[in-house]
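The structure is shown first, and the numbered comments follow.

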Amino acid sequence: MKPPKRRPTPVKIQPIYRNPKRTGELSEAAFMLKARTLGFNPAKPWGDSERYDFILDTGPRLWRVQLKCTEVLRARGYDVQPIYSTYGKGKITYTADDIDVLIAHIIPLDTWYVIPIAAIAHSTSLRLYPGIPCKCARWETYHEAWHLLQ
């Protein structure tokens, strides 16, 4: 006589809860892969004291890149803040003295925005609408705009 068939015990899959630092690290790894896939040579400065996260060698020049990422959809768009904090001074917007380009990674869609610092001009928040119809999609010209770095 054969033993009765047992149903496998269901495996509980726990959601992944990442802290913002870990999420940023994963996005940095994704950026390194994306940059290399496009033929660029990314380099990570030692430590985290610079205003930029990467130096991107595109051949003709070196770019100071600040990488921002988001994974939360709010009001039909994804928010990125092009600011940094300084002890005693609060939040400060990036300028051309700090970085050359801000690259935003929309994690759930694995899509990118390549925004020159001149385009940001004192903006403290960017609302990105990748593939989402919107009348006020100001930043969509920079969606996957890797050609700006060549």
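1. The chain contains 2 helices and 10 strands, these being DSSP runs numbered from the N terminus (helices: H or I, at least four residues; strands: E, at least two). Along the sequence, the order is α-β-β-β-β-β-β-β-β-β-α-β.

2. The model is predicted, with local features requiring pLDDT of at least 70 and side-chain atom pairs counted only at pLDDT 80 or more, whereas totals for chains, interfaces and linings use all residues. Residues are numbered from 1 along each chain as its sequence is written, and side-chain values use heavy atoms, without hydrogens and water.

3. Of the 150 residues, 36% are buried (under 20% relative accessible area, with a 1.4 Å probe and protein chains only). The accessible surface of the chain is about 10,300 Å², 55% of it from carbon and sulfur atoms; the areas come from the Shrake-Rupley method with a 1.4 Å probe.

4. The whole structure holds 7 aromatic pairs, that is, rings of Phe, Tyr or Trp (its six-membered ring) with centres within 6.5 Å. Trp-139 and Tyr-142 are both buried.

5. One aromatic cluster consists of Phe-31, Phe-40, Phe-54, Trp-112 and Trp-146. Over the face of Phe-54 lies Lys-44, 5.0 Å from the ring centre (criterion: NZ of Lys or CZ of Arg within 6 Å of the ring centre and within 35 degrees of the ring normal).

6. The charged end of Arg-61 is placed over the ring of Trp-63, at 3.8 Å from its centre.

Key
Rings of Phe, Tyr and Trp (its six-membered ring) pair if their centres lie within 6.5 Å; planes under 30 degrees apart count as stacked, over 60 as edge-to-face and the rest as tilted. Buried means under 20% relative accessible area, exposed over 50%, partly exposed in between (1.4 Å probe, protein chains only).
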